[in-house]
Structure formats: structure tokens, C-alpha cells
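Dear colleague,

My notes on it follow directly after.

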Amino acid sequence: MKSLSDILIKDLMNQGIKTFFGLQGGASARLIESVVRLGGRFHPVLNEQTAGYAAHGYYLANNQTAGVIFTTGPGLTNGVSGIAACYFDRIPLVVIVGQVGKDLNIAKKTKTRMVGFQEVQHLEIIKPIVDSSFKIESLEFYKKFREKIFANNFNKKVFAFEFPDDIQREKLNFLPNVKKKPVKRKKDIPQKTIHLISKLIKGSKKPLFILGSGFAQSQDIKKSLEILKKYYCNLTLTWGAQNIQRHKKLNSIGLFGNHSPGTANAFLKESDLIISMGASLLQHQTLKIKNNFAKNAKIIYIDTSINECKRAKNQFGKRLNYLNLDCHDFLEILEKKNCLQSIVVNEVKSSNFIHSNITPVNSLKTLFSKLDVNKSVIFSDAGASLSWSYQAANLLKNCAPIFTSFNLHTMGYANCAGIGAALGKKKNVYVIIGDGSLPMNSQELAWASRYKIKLIVIDNEGYGIIRQTQREFYSSNFVASDFRNNKAKMPLFSVSKILRSYDIEHEIIDSKKINQTTFGSLIKSKKSSAIIIKTDYSAEVETYN
Ligand SMILES: Cc1ncc(C[n+]2csc(CCOP(=O)(O)OP(=O)(O)O)c2C)c(N)n1
């Protein structure tokens, strides 16, 4: 006989979920023990917040879904940001949270705050940031819903299980594996729609494909890229699709968006047709007033989520037509129906946008130009440092993939995601993080002795991007964003001492002194190591509007 805890973990392993991040506790101990005994990998994080970030990085670098395991109460409440990071970026994740036994899990019935110790209504807290959630309230419940849970699409969404302690202990025999149903894709579009698309393409003088993270994460990406290469279509990338930049022979004109000044934004202004594939076209990409984004362009919008399609239609109105399809299926249909033969390809000149030398953009460009694009993966954190990372990538033709918590934009993400990524041992992991964000989850740097991540800390004496906002909207009243303002200054800490306490060897370099040899030893080092780049206190992010 096996425990129900074993059965759930075995069922997850059969779905390919073998790596779990989490932290011990009375209500999670049995689950964690099941993972380790059944041959899975359990990575103990030092704060539950970081578990979801690590799973996010693990997925992006290794293309494998991970799980997180939390104990009841603060285990789950700490873990909320990590779950949100995955949910908003459509990164699949399995969340398992323990719960007190059913005799004590009665606060809802008694209409009191709590009855059992650490009794918290976990699934209600995380309801808006998961796709599906299940309270495993009995053995019978699990047997009844098991097929439904695992048969479809399990590896594509954020699933949460609340698992009371007493139910985890229930005994039964192993159950036969659930057979996965093949995912059916809608592959047809009505003749009328094909006619409309064909007409739009034929009539367009400046068409532009936008590729977003939905495109970059599609399983058929190689085949889709072949089609785009064959017709040499002009295309631009969102930050979430930047990893496509490393593919050769694509006619990419670079990244676009509010924080990506350059060629692509200039071309978008003139474009008369946008074919958006797996890109959300949210505020950070298009700015608030949708009518001003690519003013002259009609938009064909492709997304696998009908709700995203409807939301985009609502925001862009008449000029947008959507197709609720997989990007590859869409491209295949276009090719079969000969719609791409007439597509106009424009020769696009690089814009003469020049990044000022005081920003660390050039420092990061120097680093990125030295990395092997196929063997390296970069995680960038939040704030100005994040925008600078993508601006640096945009100055290169080929750049290793840069990932971040795109939509949550959370501080203290990159070092945790970097460690999650390094677990797969497939890539060399680089982490770009600001001095303001480093302390947020620095405890996870304790793992740097085992996983050889390389850190680049951009030190501009606090929260640079907040000061940029304060300069613009608060008459340069720098409150709680640096170490200088006496009324509400941040507490002084030393980045160097933080790194030293985790035995991470590092150099401190002035950004103006960075040259072609600066990063040589960091790249070659067999250990975790770091460079702290001292950057101008006033350095700003150049934006585009
Ligand atoms: C968890 C969290 N809290 C607050 C914020 C708001 N915020 C965004 S960037 C930033 C400052 C980041 O400072 P630093 O990492 O030093 O980056 P810099 O802007 O200086 O490059 C803050 C406070 C956030 N994004 N995430």
C-alpha cells in the first residue's frame, strides 16, 4: 500500500514533473519525502518566494515544467509572488500546498479567522493567479478527478493542489498511469478570413511581423522560423521573444517597445500592416494610447487564448482582426494558401539612435558580445538594469537569450531564476541585477557554491529607475530610493560584503573603464563569480514615445 502523497507525486512524475522547489514544514514534509524517495529532485529554497522564480527560470532554460511544494500558512503566503510570476508569463507550474487536517480545517464553517494552527484559505488567496486548483479533500475525490486533471494540457498551465495532512497519509495501491489525450488544435480558418488576410497582405507596402513570447515558446518554433526565413519577412521581437535573436538568416529589425528605442520602433511608425504572433501588445510594448501605436497599421492578431484575442480587439478596435490559433498553424495556412508569396520585404536601415555613454548599456553590450549565444542564458532582474540589458541586446545582431519575470517585473527574481536554470546544467548562466534588488532574495546566493552562476551587479547607489520617475514627477525629491536623502534614505549595505559572505569572488569596476578584456576572467571562471559595475548615480533609461 502507498500513501496518497506518493500517488500524487508519482502521477506528477509520469507527466514529466520531476523537479520541485520548496521549503519544509509540518504539512509539506510527507510530500517532500515522497519526492526524494521516489527518485525526484527536491531543491530546498531558503524563502518560499523564490521557489516560483526558480521554477520560472528552470522552465525557460530547460523547457521542463517544475513544481513547488509549500507548507500550510506562511509557506504559501510567502510563495505567492513566485506563483504570480509564472502565471502572468504563461509558464507552466504545479503548486502543492499542505493543509491542516480536516477536523481543524473548519474556520470557514465557524466563520472565525482560524481554528487549526496556520490554517489559511490557500486556494482562495491564489485563485486569480492559477489556471486550475483542486482541494484534495478525500481519497475518493482524488480517484474521481485524477483522469480529468491529468488527461489534458497538464504541462501548459499553472495547477494548484491543496493537500490536507490527514489525506496525504491515506493508503491505497498505486493506480495505473493516466493516459494523456492528444491535444487537439484548431487548424482551420474560414475561407472568408483567408481572403481578408490575403487582401491585407497584398495591399500592404510595409508589413511587419511581431513575434512575442507565445511564438517563442511554441513547440513548432523551428518550422515557423523556417517559413519566416524562406520569405525573408521583416520582423520585430518583444522582450519575451528576444531569444529568437540568436537564430541566423532571419530578417529581424530588433526589439521594440517603450524601453527599446531603435530601428524597430521607427519602422513601426511607418508600417501599414502588423501581423502579431503570440505578442500581448500590452502597455510596455505599445504605450497607453493604443491609437498612437503604429498609427497607420491594420493588425492581424494571433493568440492561442480566445480571451487575449478578445481583450486585444477591445483595445485596438476596428483595425484589429484576431485569429484564435497556434502561431505555427497560422503560418502553415498562410504558406499553403500562397498568401506569403506577395509579401513585401523592405530594406530597413539601422536608425541612428545612439545610447549615451554614461549608461551601462555599453558595458552590458561588451559582456553579451563575448558570450556563446547557444551555450549561455541570461537572467535580468528589474528596474533600469533590466531595460539596459535589453537595450544592450538590441545593439547586437546575435545575443544569448535574456529572460526576466516579464509581466510581474519583480525585484529579486534573477538570481533565483538563474539558480533554477543552472540545475539543468545545460547552459552557462549569467545574472544581471541592480544593487537595489540584490538584497531582496540574496539568501539564495548560498546555492552559488554549487551552481556556477555568474553575477553582474549594476551599482548606481539604490533604485535608479525610481529616481528617474522622481526626477520627472516629484521635482527630484529622492525619497526612499538612495542612501543620500536624510529624510527617508535607504539603510546602507555593502554589495561586496553580501557577495563575500557567500564566498562569491568578485571585482569592482567603474563602468567608464570597461573594455574588451574586462569580462574575460568572469566568463572563464569555473566558480560562481561576480563583477560589480559602479555606475553613474544619474544614469537614466532612454525611452521611446
Ligand atoms: C518586489 C518589487 N518591489 C518593488 C518594485 C518596484 N521597483 C521596480 S524597479 C525598483 C528599483 C530597482 O532597483 P535596482 O535593482 O537597483 O535597479 P536600478 O533601477 O537601479 O537599475 C523598484 C523599487 C518591484 N518591481 N518589485
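This is a predicted model: local features need pLDDT of at least 70, side-chain atom pairs count only at pLDDT 80 or more; totals for chains, interfaces and linings use all residues.

Turning to the nonpolar cores, the largest has 122 residues, and the members that touch the most others are Phe209, Met277 and Phe368. Helix α3 contributes the largest share of this core, with 8 residues. A second, separate core holds 30 residues, including Ile17, Leu31, Phe150 and Phe161. As for Phe368, its contacts beyond the neighbours within four places in sequence are Ile378, Ser389, Ala392, Ala393, Leu396, Cys399, Ile402 and Ile432.

On the overall fold, the protein contains 21 helices and 20 strands. Its radius of gyration is 25 Å, which agrees with the value near 24 Å that a compact globule of 545 residues would have. Along the principal axes, the C-alpha atoms fill a box of roughly 70 × 65 × 45 Å. Of the 545 residues, 57% count as buried. Among contacts with a separation of 6 or more, 75% join residues 24 or more positions apart.

Finally, the surface and charges. The protein exposes about 24600 Å², of which carbon and sulfur atoms supply 51%. There are 77 positive and 43 negative charges, and their mean positions lie 5 Å apart.

With kind regards

How values were computed: Residues are numbered from 1 along each chain as its sequence is written. Side-chain values use heavy atoms; hydrogens and water are left out. A nonpolar core is a set of buried Ala, Val, Leu, Ile, Met, Phe, Trp, Tyr and Cys residues joined through side-chain atoms within 4.5 Å. Buried means under 20% relative accessible area, exposed over 50%, partly exposed in between (1.4 Å probe, protein chains only). Helices (H or I, at least four residues) and strands (E, at least two) are DSSP runs, numbered from the N terminus. Contact means heavy atoms within 4.5 Å. The radius of gyration is taken over C-alpha atoms; the globule rule is 2.2 Å times the number of residues to the power 0.38. Accessible areas come from the Shrake-Rupley method with a 1.4 Å probe; for residues, only the protein chains shown count as cover. Lys and Arg count as positive and Asp and Glu as negative; His and the chain ends are not counted. The place of a charge is taken as NZ of Lys, CZ of Arg, CG of Asp or CD of Glu.
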